[in-house]
Amino acid sequence: MEYRFLPKKGIAPFVTGLLKDFKVYGPVEKDGFPMYGEITSPKDIHLSHAPTHLSPKQFLFPPKETILRFKNGAKPALEPVIEAHNQALFGIHSCDIHAIKLLDRVFSYGPRDVNYLKRRDKTVIIGIDCVPDKYCFCKSVNTMTVDSGFDLFLHDVGSGFVVEVGTQTGKNLLYKNAKTKKATMKEIKKIKEIRDKKAEMFVTKLNAEASTLPLIYSGSYNSPVWEKIGKICYGCGSCNNVCPTCYCFDVRDEIKTNLTEGERFRVWDACTLEDFAKVAGGHNFRKTRAERLRHRFNRKFQYLADKFGGLFCVGCGRCIRTCLVNINIAEVTNELIEEANKDRS
Amino acid sequence: MSSLKRQIKTEVKKMRSIEMQKLRSYEDKKMRRNSTSQPLNLLTSEIPASQPRNLSTSIFDISSPYISRLAKIERVARLTEKERLFTIAFEDKKTLGHSPGQFIMLSIPGYGEAPISVSSTPNKRNTFELCVRAVGNLTNALHNLTKGDRLWIRGPYGKGFPVEELKGKDLLFIAGGIGLVPMRSLIKTVLSERPSYGKIKLLYGVKSPDEILFKDELSEWQQTASMNVSITIDKPYPEWKGNTGVVTTLLPPLKIDETKTVVIVVGPPVMYKYVIMSLGDKRIAGHDIYLSLERRMKCGLGKCGHCQINSIYVCQEGPVFRLSDIRYLREAI
Amino acid sequence: MKNRHKPKVAFFSFTCCEGCQLQVLSCEDELPDVLSLVDIVNFREAIDEKRDDYDIAFIEGSISRQHEINEIKKIREKAKVVVALGACSATGGLNCLKNRFPMEEVQRVVYGDKAKKYKHLDTIPARPIDAVIPVDYYIHGCPITKSEFLYVLKSLLLGKKPEIPNYPVCVDCKMEGNICVFEKGMTCVGPVTRAGCSAICVTYGCICWGCRGLIDNPNLEAHEETLKRYGLTTEGVLRSFDLYGGWRSR
């Protein structure tokens, strides 16, 4: 583990350097809110440390992505489309780095998804420390800190950034584009101090150890909480779409007006939408909003933990912020924890 | 100062050891085993110091799993109003290489792609059969195709029936509607080695007489292959002289040796619950019952999420399951 | 898939601003291809020719006068496929706002005191075309999106049933990377409105007015609560729902 010190004024030249080799995406401001967007000059960057409304998964798993091109007719043809370019994700928070590590697992498990993996391979990740807002609960799901999955990680220690080097690629980029010096023990110590302070800042918390959550969820299938939240849920898919670990997609064809050529593309799909589990014959395996929400919450805390290992909720709080009817994944989980505790006593 | 230094050193050491542990963990090993050519470095932060990641070229070369193979329709047979049987061959003359119960992803570009179970028995010829009901855009388009038309196939996917395990057993097949389609692949496989199996029965329930699939084959199986076939129609029809009632009504009078019978059930979602209860009455172990589950599928690769039942992806771990493995899997049946 | 005869397509317009027809005409890049696939035999906005032997009728506008009922019924008899083109036609659209008032008053305000005397100035409550004739497919929106019009046309030519989204505008909004209008201190009806517009209004700084009609199973009770929580009165909630949904909530 290598720690370098980068003065605050070193950020701009560093980003300018990155821009020579990469498309850079990072925190920008949109309508006064923190978002991830393309950065064309260091001036675009808004290092606000506040969580963004949408997750950076869009740069690895775009909302709409062509996967094949086809041609019908006398000489039918089908060719794969894999679009990937060098890109740097700048200013990614630890929860989102954890999320990307989970997506890496999903898309490389079993038959490997080249479209994702190739893009991932051409991506460098530069993390940054953040400050939790009222919806964040990463501490409760052990994603407040991250020790791998990034190429560089910036710790704001007041006087400048302590840059944690995660990979050789990251190191090369840092040495090439910034004047840094070896971080002092005092500066490195500051990381822990700030981290400890951050740990005290959470308003949203889960009332049980993260490791117990899969079991709590497996016992909660018949909880009245599902009907309760199902009643107010829109089934709008917003929680899925803002989630950094939701990866479900639909596949559709688009044919040109010559009716012979076209593309097959995939688009984000969401398990809370009405037709998600409906088969061609008409049967819907999760007909009610309550069933679909239960499926979504269980995916985060139980189902995918069984399949891929690790909770798929990284505590980013985005689904809480986005939900117009105030369905709060942390509150729901706490209700289930309480029910479980009652059952035990 | 020196004590602080030591403290930080131990802290860093601890972090490093945690990382190393993670690297060695089972999951990572498994993942490396799964990868074909080179290990996918990005899954860990472990990148050899001397070997910077070359970002302009890819470190691995695998083809898109969404690409299909071109195939040609050799024959179309109209089975009923809604179902047709397509005999298909790959342009490259290769075999499909499936086992009974598996499915393929069929594409007609512009109309989409859908999972279709293979209806023929594995063979060395380069053709295979798909029996398709016209229910949506893709299947309607398929019904408009004729001999010589081309389409795209990828697969086979999923886990089929455990053919070897069935040897020496009495077999009871229970099919509802188009559930006979994937089952036919298994039945024909079994009948091709008829002496290796005990008694074989088929209970087949359909809505009306004109929906009976593979009529000729059913009577052939009954007459020449010493297989007992019972068909039932949901509701009485004037010209129908056979059984009426849902398929479960055929079960109570059946004499089954529960110690050596394996049951294979394929039908619409609503059928399973009742058939399973009736089989319980017959004291058949959940371990000896196999069923094939239908779900929406968009990728066939365990990615798109549509076929997921709890932590199971039907396209990868199914569609054929042993009942005892999924009886307690909520939402499965 | 096989070469069939060129289908004949007609466009008709009832009570509306004809903006959806303009959208069709502005598909400049695609029109040459379209014209090689279909014959347009009736399209007042674009051509002089008027023939009655059409296969597909795209009908724009809502029905708001007695004689329009007879006219559209004739179209239905001739057309094999009828497609509602745009909000007025598909859901009644803005025209249904007049249904809140007595028809005599509407007639007087628009045509003056003497309007009653003239038979051709009659007016009836505005309604979507499926209140009068059976409709096969719908292209929603005020105005329609070009891409959806082309998608539906291509689907019909391929013998496909067009698949119109049954999920709310929130999905499109998130995919476009928009900040939620509620987050910005405004309100909209996106969570209950059918998507397919790429959330164009919100993307360009407005709100979702609900022009594409409701999804199949909207949670209207929940949305009423939400709108009230964000400061709307009962009257305000009704106004939001009724701007484009006047016919439905009647």
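Me: Into which domains is chain A divided?

Reply: This is a predicted model, in which local features need pLDDT of at least 70, side-chain atom pairs count only at pLDDT 80 or more, and totals for chains, interfaces and linings use all residues. Residues are numbered from 1 along each chain as its sequence is written, while chains are lettered from A and ligands numbered from 1 in the order in which they are written. Domain bounds come from an automatic or database domain assignment. For chain A they give domain 1 (2–199) and domain 2 (210–340).

Me: How many residues of domain 1 of chain A are in contact with domain 2 of chain A?

Reply: Two residues are in contact if their C-beta atoms, placed from the backbone, lie within 7 Å. The C-alpha centres of the two domains of chain A lie 25 Å apart. Domain 2 gives 28 residues to the contact, and domain 1 gives 35.

Me: Which elements give two or more residues to the side of domain 1 of chain A that touches domain 2 of chain A?

Reply: Helices (H or I, at least four residues) and strands (E, at least two) are DSSP runs, numbered from the N terminus. On that side of domain 1 of chain A, the elements giving two or more residues are β4 (64–71) and α2 (94–108).

Me: How many residues does each domain of chain B give to the contact?

Reply: Chain B is divided into domain 1 (69–157) and domain 2 (163–292). Their C-alpha centres lie 24 Å apart. From domain 1 of chain B the contact takes 15 residues, and from domain 2 of chain B 15 residues.

Me: Which residue takes a positive phi in the hairpin of β2(A) and β3(A)?

Reply: Strands pair if DSSP finds at least two bridges between them. Strands β2 (residues 23–30) and β3 (residues 33–39) of chain A run antiparallel and are joined by 7 bridges. Opposite Pro34(A) in β3(A) stands Glu29(A). The hairpin has 2 residues between the strands, and the residue with a positive phi near 50° is Asp31(A).

Me: What is the radius of gyration of chain C?

Reply: Chain C has 10 helices and 5 strands. The radius of gyration is taken over C-alpha atoms, and the globule rule is 2.2 Å times the number of residues to the power 0.38. For 250 residues that rule gives 18 Å, and chain C is close to this, so it is as compact as a globular protein of that length, with a radius of gyration of 19 Å.
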